[in-house]
Structures are given as C-alpha cells and as structure tokens.
Amino acid sequence: MAVETKNITYKNFINGTWTESSSGDVQKSINPANNDEVVGYVQMSTKDEVNQAVAAAKEAQKVWRKLAGSERGAYLYKAADILEKRLDEVAETMTREMGKTLPEAKGETARGVAILRYYAGEGMRKVGDVIPSTDSKALMFTSRVPLGVVGVITPWNFPVAIPIWKMAPALIYGNTVVLKPAQETAVTAAKVIECFEEAGFPAGVVNFVTGSGSVIGPALTDNPDVNGITFTGSNGVGKGIGQAALSRGAKYQLEMGGKNPVIVAADADLDLAVEATISGAFRSTGQKCTATSRVIVEASIYETFKEKLVEKTKEITVGNGLQDGIWMGPSVSEGQLNTVLSYIEKGKEEGARLVVGGNRLTGEEYDKGYYVEPTIFDNVTSEMTIAQEEIFGPVIALIQVNSIEDALAIANDVQYGLSAAIFTSNIANMLSFIEDMEAGLVRINAESAGVELQAPFGGMKQSSSHSREQGEAAKEFFTSIKTVFVK
C-alpha cells in the first residue's frame, strides 16, 4: 500500500501529547532512492523540549516503576500487536526514508514485534536471588530496581529494531524513556512511537524528541534527571556521550563501530562462504555495524574464492528498494554516499586493486538517488585505510594469507571488535577462532552480520563500552542491584 506522509510534519511526543517545537524549524526527510521525494518533515527541537520530555519522564516514572512487571508487560504486548498490524506501513516508510529493500524492512519491523513480545514476557521472570546469610535468623536477597529516566539515542540504519531493543527492556524493568532518533529516519521512528501511543502507555512513560544531534544529544546527556544513556552510533560521538555521562555519574551504554572480518579457510565450503560474504557485506548497502568488511582468505583457495565472489557480486541488482527484483538499495544520504566514494578512492591511492564496482551509478532512475556499485578490492594489506577504518558501505577488502594463524592475527589487527566469522570444516580452526578472535560476536560458517534477539549483543575493544544489549543481558544495564537483609 502507498504511504502518504510527504506533507506531514511529525511533532515531538512529550507527556502523552504530540507537541510543536518552540524553534518553529523543520527539516525534510528525503527518499535516498529519489531525492525529489519528501517522505515527511521532522522538527528541529531545542534544549527546552528535551527538558520538558525529561521532566515528564521523571514524574511518570514514580508510578510506572510501582506497577507489577506483568502490568508493564501488558503494555508491551499491546504495542507489539499494533506494530504487527501496521507492519507493511512502517516497513514501506522505512524503505522510502532509509533505502533498504522492502523485504529487509519488513524483516526488521517483524523483529521489532518479536523484541517487544520477548521483553513483555520478562515482566513475569525473576528479578533477584535469595542468598544464604551467616545469620540463621535472617533473610537475605537481591532485587533489581530501575535506573529512572533513560535517554535513548539511536542511529538511522535500523530505525525500528534498535529503538525497540533499547526501549523495550528499559520499560519492562520500570524505567521511563526519552527517545532521540537519527534525523535521517525520524519519520519511521515517529511511526513506532505512534504504536506506543495507541497501546495506551501512561503519559510521560515514552517520550520522543527530534532534532540535531549536536543540540539534543548534549541536552540529554547533561540533564541531571537522566539516570542512564544508551547510544548506538559512531565512535567519536559515543565517546563524547560517555565522557559527559561519566562526569556527572550517570550510567552509560555505548555500541559503536566495527571492522568485521570473515576468515575463509582452505577447507571451507566456498559456495557457502561466498553467499554469506555477499549477504554480510552488501545487504542494507553495507550499512550495518556488523557488516562484513574484510575477507581474509587462505592462499591455496584465494583465486577460486575471488572468482566466485566477483561472479556473484556482478549479479546483484541495485535500485529503489520498493521495486521487485531489487537486491540492494541506495546509501542513506548524499553525505554517506560521498563517504563511501572517498574510501574507494583512498583504496586506489594506497595500492589496492579494484576488482569490481567502485563507481557511483548514474543514468535514468539512478541520477536522483545515492547509488554506489557493490565493490571489491584485492591486493589489500592490513595497514591500508580500507582495511582499518569503518566504511559503512558496500565495500569488501580481500586479504590473502598463508595460514589460519596469520588470518587471526590480521583479523585482530584493528581497533574494533564487534563481530567476526570463519568458514571452515576443521574443528581445530573453529576452536582457535572461538578462543583467539577478539570480538563480542563470533559466528562459525555463518555471515558476520546478525544476532538473535534473545542473545547478548555487544563488542570488544573500541566497539562498545563493554556492556551488552538484548536478551537477559539487557537487565544488567537498565537496572541496579539492591541487596536486602531482613532480620
């Protein structure tokens, strides 16, 4: 179905009401597949609106935290049902606003539904443990208590899943939230908030403020009534948020970049490895923090693997993600497209050999979109920029090695440690990879991108603040432990 949003201005949602910003300024949200199309308008809010949202959340939390977990869960179940009914609408808006193909957008929205239901069930699970006391006449136990108000700052690449996987656990454990979505996908995020509104969450429990990250971000992180900040985005911004939160003693959680390797051993199933490499590197136009970026291949099968990879890459159809038969959409914005193209030029300058792709697509429907060809470099060495820095685009750096030991050394030779994969049929290779790979998510004979919602997710080294999201692990960030001694 067609989603008519282009003439709509999406307001802030504060204390249960859609409200206009005092700035009066709005920003167009543009379809990256066709920059003539306005998906909608979003507000450029001020610090005042953030303060209003935080004040509403603080007041609402007094009552919300006292509800039984099952009562809070009932609201999440209802929001899940509403999002499921609106799945096609939300997914189409996501494709028009962010660019990923419609099947991917539908899959992400369905994941949001599943996350809401998972955490709704958490309302009926334990929140503490009984601990033996040295005093035989005493009872000692722990309980989990909410942080209070949580600021949620989310990126544009997963505009449904990431806000939900942060908000749902925050809410079920008794916190209230203020969401600041990426401006590039704020229309999609607004539609998610509409589902929470329709579910009847009490006023002030869920709040939503749009605007420039340089304005809204500091307003959230510096507000003394924000007890926790959860952020997904770039390393530079994340470190600034962490420092600001630390300076006033607020709890913070950062999920940041990745430079994710795939190792292809000589004994790998090459067809499986090629298929997974292409999916991990090029789906969502490479705009995933877990996207495959480096492919490290043993020398004896390097040429065969490369030939198969290039052949399959040439079959990829690029275009508007709403059209049937399109496998890869555009970059999210002109700025992101230019970033990708600049890395491709850097690769050439530093001596990497362009094997396939590397160009902006032009002509006919491409001229109004931000399209780049899926790109593969070989003759790449580990010190090259394209082997060290996160590109966030459909670019693969092929690296040849003589052994699994060399592959692991190169795989770990970056500042990041988010996800990694190996393709092998050798148990010793698998065990070495599991033990020695410095990454928070390691996958065997599967692509680097993707994690199941019930499993902990997060990175090592510069990829995160070392906390974990999703699954039961979310409880560690969104609550504090209270130890109770009863005599």
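Which residues are linked with Arg86 in a network of salt bridges? The legends below begin with that network.

**View 1. Arg86, Glu89, Lys191 and Glu194 are linked in a network of salt bridges.** The model shown is predicted: local features need pLDDT of at least 70, side-chain atom pairs count only at pLDDT 80 or more, and totals for chains, interfaces and linings use all residues. Residues are numbered from 1 along each chain as its sequence is written, and side-chain values use heavy atoms, with hydrogens and water left out. A salt bridge here is a side-chain nitrogen of Lys or Arg within 4 Å of a carboxyl oxygen of Asp or Glu. Side chains of opposite charge can pair when their charged atoms come close. Buried means under 20% relative accessible area, exposed means over 50%, and partly exposed lies in between (1.4 Å probe, protein chains only). The structure holds 25 salt bridges.

**View 2. Glu476 and Arg144 form a salt bridge between distant parts of the chain.** Their closest N and O atoms are 2.9 Å apart. Glu476 sits in helix α14 (residues 474-478), and Arg144 in strand β6 (residues 139-146). Helices (H or I, at least four residues) and strands (E, at least two) are DSSP runs, numbered from the N terminus. Glu476 is partly exposed, at 48% relative accessible area.

**View 3. Lys461 meets Glu438 in a salt bridge.** The N to O distance is 3.0 Å. Lys461 belongs to strand β20, while Glu438 lies in the loop between α13 (427-436) and β19. This pair also links distant parts of the chain, 23 residues apart. Lys461 counts as partly exposed because its relative accessibility is 26%. Glu438 is partly exposed too, at 35%.

**View 4. Met167, Leu171 and Phe201 have the most contacts inside the largest nonpolar core.** This core has 61 residues. Helix α5 (residues 161-172) gives the most to it, with nine residues. A nonpolar core is a set of buried Ala, Val, Leu, Ile, Met, Phe, Trp, Tyr and Cys residues joined through side-chain atoms within 4.5 Å. What does Phe201 touch, not counting residues up to four places away in sequence? Its partners are Trp64, Tyr75, Leu76, Ala79, Leu171, Phe196 and Val206. Contact means heavy atoms within 4.5 Å. A second, separate core has 31 residues, including Tyr343, Ile399, Leu408 and Phe433.

**View 5. Val130, Leu139 and Val486 form a nonpolar patch on the surface.** Together they have about 260 Å² of accessible area. Accessible areas come from the Shrake-Rupley method with a 1.4 Å probe; for residues, only the protein chains shown count as cover. Patches are made of residues with over 30% relative accessible area and no salt bridge; like charges are joined within 9 Å, and nonpolar side chains (Val, Leu, Ile, Met, Phe, Trp, Tyr) within 5 Å. Val486 is found in strand β21 (residues 479-486). Val486 is partly exposed, with a relative accessible area of 39%.

**View 6. Val215 is found in helix α7 (residues 213-221).** Leaving aside neighbours within four places in sequence, Val215 contacts Ser45, Thr46 and Lys47. Val215 is partly exposed, since its relative accessible area is 36%. Between the C-alpha atoms of Val215 and Thr362 the distance is 36 Å. Those two residues are 147 apart along the chain.

**View 7. Phe392 and Asn445 have positive phi values.** Neither residue is a glycine. For Phe392, phi is near 60 degrees. Phe392 lies in the loop between β15 (375-378) and β16 (395-401). Is Phe392 buried or exposed? Phe392 is buried, because its relative accessible area is 17%. For Asn445, phi is about 55 degrees. Asn445 lies in the loop between β19 (441-444) and β20 (460-461). Asn445 is partly exposed, at 29% relative accessible area.
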